[in-house]
Amino acid sequence: MDYKQILEQQLATDYDCSIAEVQGTENIFRIYKENENARPVGEEGCGFKLACVNEKLLVMAEAPLLEWCKEKLANVRGTWMSEPANLIRLHEKLKEYGQSLADAHHYYIPAENAKKPEHRFDVRWYEKEEIKRFEGDERFDEALLFDEETPDMLAVCAMKGETILGMAGATADTPMIWQIGVNVTEEGKGLGVGTYVTALLKQRVLEAGKMPIYSTVESHIKSQKVALAAGFVPAFYEIFSKKES
């Protein structure tokens with residue numbers, strides 16, 4: 001499986017451009033729209049999103065905000081987009097259109113030839129219908145979403161007897177890409193549980209013929225370490241807006 005190629009195909013769908021444009025060096029600007037099989041980004045009312053990949057920008061925004069983006073971001077390189085000056089300027093402009101910056105995420109794809117994890121904990125697997133038993137369990141609010149648009153497909157728990165030490169869950173963001181989320185319970189903290197269940201689930205998703213991705217916010221260093229230790233590598237950065245109430 002060519003992980004980079006799959007990602008480039010997905011970003012082309014997400015940002016309404018060609019794979020060649022994703023691979024190229026020029027910043028890309030498109031009017032905001034929701035394409036079929038695009039990854040769901042932000043909440044209802046989101047009118048702006050931006051990805052940094054291959055050291056450039058992919059920008060999608062509602063008009064006339066798009067025209068401002070073309071003028072002000074034309075020469076901004078993706079490498080430096082997250083500098084405070086750029087984010088503050090963008091946030092202030094979004095407010096003029098009833099929007100504000102909502103989030104910033106790092107995204108990771110599987111590393112080539114990553115090693116399979118060695119056995120460390122007993123585990124239990126849960127398929128799609130079995131996952132419903134955890135609905136409302138706040139311990140697993142990152143691993144499971146219970147959202148019809150991004151259904152929970154698979155989950156794995158590290159166990160000590162009947163005690164759950166941690167869980168990783170995979171949700172179907174698109175037909176090809178499943179996103180992994182992870183939670184560690186109080187009983188499992190400090191044992192390496194998060195890395196272990198994430199690595200196990202990554203492997204199982206690949207065996208199902210899907211590509212797993214992992215995301216975390218820019219300041220969540222612990223989560224970034226989990227991604228790296230579980231056999232993921234950084235791939236792109238994304239920010240998006242929300243409608244102000």
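Tutor: Let's start with the count: there are zero disulfides here, taking a disulfide as a pair of cysteine sulfur atoms within 2.5 Å. Keep in mind that this is a predicted model, where local features need pLDDT of at least 70, side-chain atom pairs count only at pLDDT 80 or more, and totals for chains, interfaces and linings use all residues. Residues are numbered from 1 along each chain as its sequence is written, and side-chain values use heavy atoms, with hydrogens and water left out.

Cys46 is in no disulfide, and the nearest cysteine sulfur to its own, that of Cys69, is 12 Å away. Seen from the other end, the closest cysteine sulfur to that of Cys69 is in Cys46, and 12 Å is too far for a bond. Cys46 has 6% relative accessibility, so it counts as buried; that label means under 20% relative accessible area, with exposed over 50% and partly exposed in between (1.4 Å probe, protein chains only). Cys69 is buried as well, at 0%.

Now the sheet. Helices (H or I, at least four residues) and strands (E, at least two) are DSSP runs, numbered from the N terminus, and two strands pair if DSSP finds at least two bridges between them. What you get is an open sheet of 10 strands with mixed pairing, in the order E1-E3-E2-E10-E4-E9-E8-E7-E6-E5. E1 (28-31) and E5 (122-127) sit at the edges with a single partner strand each, so one side of each lacks a neighbour in the sheet. From one strand to the next the twist averages 25 degrees; axes are lines fitted to C-alpha atoms, for helices over the stretch in contact, and angles run from 0 to 180 degrees between N-to-C directions.

Zooming in, E4 (residues 99-110) and E9 (residues 211-217) pair antiparallel over four bridges, and Tyr108 has Tyr214 in E9 as its bridge partner. Helix H1 (residues 3-14) packs on the sheet, touching E2 (48-53), E3 (56-61), E4, E8 (177-184), E9 and E10 (232-243), with its direction at about 155 degrees to that of E4; contact means heavy atoms within 4.5 Å. Helix H3 (residues 65-72) also packs on the sheet, touching E1, E2 and E3, and its direction makes about 175 degrees with that of E1.

After H5 comes Gly209, whose phi is positive, near 85 degrees.
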